Structures are given as structure tokens and as C-alpha cells.
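Biologist: I am new to this structure. Could you take me through it, question by question?

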Amino acid sequence: MQLERILQKHGFGTRKECRGLIRRERVAINGEICDDPFAEIDIEGLVFTVDGVDWPYLEFATLMLHKPVHYECSRKPKHHPGVLELLPVQLRERDVQPIGRLDEDTTGLLLITNDGQLNHQLSSAKRKVPKVYLATTKHPVDQAQIDQLLAGVLLADEYEPIAAAAAEIAGENLLRLTLTEGKYHQVKRMVAAVSNRVEALHRESVGELSLPVDLQPGEWRWLTAVDQQKLGYLP
Ligand code: URA
């Protein structure tokens, strides 16, 4: 594929802008500057470099973000900056979107992609992808609350009780809850239904994929093929 086209596909601007970057010797392939916008490059396993930053050639941009507090997941954030502002402009140019949403005050694992099929599969209620949350609660968590959460609680606007797939006491004021749905404020509403209250909420994992311990709030990382397998994603 022509180098100019590769850059354009990866969010580096119009063809003309990409050509400019290449001609100004800001792009390297395998460590060597390439100033020919029309050079034919093998995309298999390609990593190209722009201004010293490495970019893997990826048909779709899929990544994980450690969402910090005070960022919104909605397309049009109202009261806080949007999570996409934590990403390089090239990714925003590729029209990536969060898979599902975390509340403004929730932290933890957020998946972001422009792969419509992946987004659809992981968001689909039918697939029941488990998501594990750690909630800090106002009151101590007791076994009666755990039993209720596992048996199912009726939330306002719902017709049937919703049960946690798993629930455990993780500390005096800590509750670990696994949910397979993604309803609005679901953890907070379920915890409120058992007469407790969520004071802080963190998502630890989605499917078999956990938030890496070395990924700091606000940091992101590409999702590898192994990570995608852990999500049970079958393209
Ligand atoms: N449940 C909530 O209440 N909030 C979240 O952000 C995610 C799940």
C-alpha cells in the first residue's frame, strides 16, 4: 500500500497533509526515513514511525483505556471532558467510540474501538459478557446483601428482578459484583436496592480481560489479538 494512503488510513489527515509529513522526512519505516509518499509498503506486521512515535498498521483501532474519574463516555459530553480527549488526535480522527459506557465518576477498564462488529458483539445483551466491578460502599457489606444481589433485585422501570452473576464481600466496605447486562447505573441501582450506597466504582475486567496493573488512570494501550480472544471475540 502507498505510504501516503497508510498515513491517511491511520488518521494523519488528508492525502495532501500526509504527503507533506512524508516529504518533510517525518515518517520512517523500519527505522529508515522514507520521503517518498508513493513508496509501496508491505503492510503485513508493519510498524511505521511518525515524529518518533511508533504506530502499528491496524485495520481497526481497538484499545483499552484506564478511565479516570471526571471524564464522560457520551458522544457529546456536557459537564466534563470526554474520554476520547485522552487519546491522540489520530485515533479520534478514526472515529473510535467507547464500547458501552461507564459513569463520569466510575474508573477502570474501558474498551474503545472503530470496529463495528466488535462493538456490537460485546455490547449485545445476548452474549452476556461478564463485567466485574469493585464498589466501595457507604455501609459495610454483609452476607444478607450478597444473598439478595445473587437472588435478584427489582429495579425501578424493570419488569423482572436482576441477579448478579457473582457477588462477594471484598472488604468491610468493598463489594465485588459481576454483571452480564449493561443497564443504566446498574451497579449503583442494585446496591441501592439492598439498602447500601456506592461511593466509588471501578471496573476490573470485561470477559477474561482485566485492567493491567501497570496501566495508570488516563493511560491507554492497543488491544492485542490475545486480548481480543480473552473477550471471546470471534471476527
Ligand atoms: N454500573 C453503574 O452504576 N455505573 C457504571 O459506570 C457502570 C455500571
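Predicted model: local features only at pLDDT ≥ 70, side-chain atom pairs only at ≥ 80, totals over all residues.

Biologist: What is the phi of K128, a residue that is not a glycine?

Modeller: Most residues other than glycine have a negative phi. K128 is not a glycine, yet its phi is positive. The value is about 50°.

Biologist: Which value does phi take in H70?

Modeller: H70 is in the loop between β5 (62-67) and α3 (89-93). H70 is a residue other than glycine, and its phi is positive. That phi is near 65°.

Biologist: Does H70 count as buried or partly exposed?

Modeller: Buried requires under 20% relative accessible area, and exposed requires over 50%. H70 has 44% relative accessibility, so H70 counts as partly exposed.

Biologist: Where is the place of E181?

Modeller: Strand β10 covers residues 174-179, and helix α6 covers 186-193. E181 is in the loop between β10 and α6.

Biologist: How is E181 classed, buried or partly exposed?

Modeller: The limit for buried is under 20%. E181 has a relative accessible area of 22%, so its class is partly exposed.

Biologist: Which residues is E181 in contact with, leaving aside neighbours within four places in sequence?

Modeller: One partner, Q186, also makes a polar contact of 2.8 Å with E181, side chain to side chain. The C-alpha atoms of E181 and P130 are separated by 7.7 Å, though the two are 51 residues apart along the chain. Leaving aside neighbours within four places, the contacts of E181 are K131, I162, A163 and Q186.

Biologist: Which residues are around the ligand?

Modeller: Q186 is one of them.

Biologist: How far does a polar side-chain atom of T106 lie from an oxygen atom of the ligand?

Modeller: An oxygen atom of the ligand is 3.5 Å from a polar backbone atom of Q186. A nitrogen atom of the ligand lies 3.1 Å from a backbone N or O atom of V187. For the T106 side chain and a ligand oxygen, the distance is 2.8 Å.

Biologist: How much of the area that the ligand exposes when taken alone does the protein bury?

Modeller: Taken alone, the ligand exposes 240 Å². The share buried by the protein is 95%.

Biologist: Which residue joins the side chain of T49 in a polar contact?

Modeller: T49 lies in strand β3, residues 47-50. With 16% relative accessibility, T49 counts as buried. Not counting residues up to four places away, T49 touches R26, V27, A28 and D54. The polar contact, 2.9 Å between side chains, is with D54.

Biologist: Why does Q228 count as buried?

Modeller: Q228 lies in helix α7, residues 225-230. Leaving aside neighbours within four places, Q228 is in contact with T62, L223 and Y233. Buried means under 20% relative accessible area. Q228 counts as buried because its relative accessibility is 18%.

Biologist: How far apart in space are M1 and Q143?

Modeller: M1 is found in the segment before α1 (3-9). M1 is partly exposed, at 29% relative accessible area. Its contacts, leaving aside neighbours within four places, include A39, I43 and Y57. M1 and Q143 are 142 residues apart in sequence, and C-alpha to C-alpha they are 60 Å apart.

Biologist: What box do the C-alpha atoms of the chain fill?

Modeller: The chain has seven helices and 13 strands. Of its 235 residues, 43% count as buried. Taken along the principal axes, the box is roughly 70 × 35 × 30 Å.

Biologist: How far apart do the centres of the positive and negative side chains lie?

Modeller: The chain has 28 positive and 34 negative side chains. Their two centres lie apart by 6 Å.

Biologist: What percentage of the accessible surface belongs to carbon and sulfur atoms?

Modeller: The accessible surface of the chain comes to about 12,700 Å². The part belonging to carbon and sulfur is 50%.

Terms used. Residues numbered from 1 in each chain as written. Heavy atoms only, no water. Helix = DSSP H or I, 4+ residues; strand = E, 2+ residues; numbered from the N terminus. Buried < 20%, exposed > 50% of the residue type's maximum accessible area, 1.4 Å probe, protein only. Areas by Shrake-Rupley, 256 points an atom, 1.4 Å probe, with all protein chains shown as cover. Lys, Arg positive; Asp, Glu negative; His and termini not counted. Charge placed at Lys NZ, Arg CZ, Asp CG, Glu CD. Near = heavy atom within 4 Å. Polar contact = N/O pair within 3.5 Å; in protein donor to acceptor, adjacent residues only side chain to side chain. Contact = heavy atoms within 4.5 Å.
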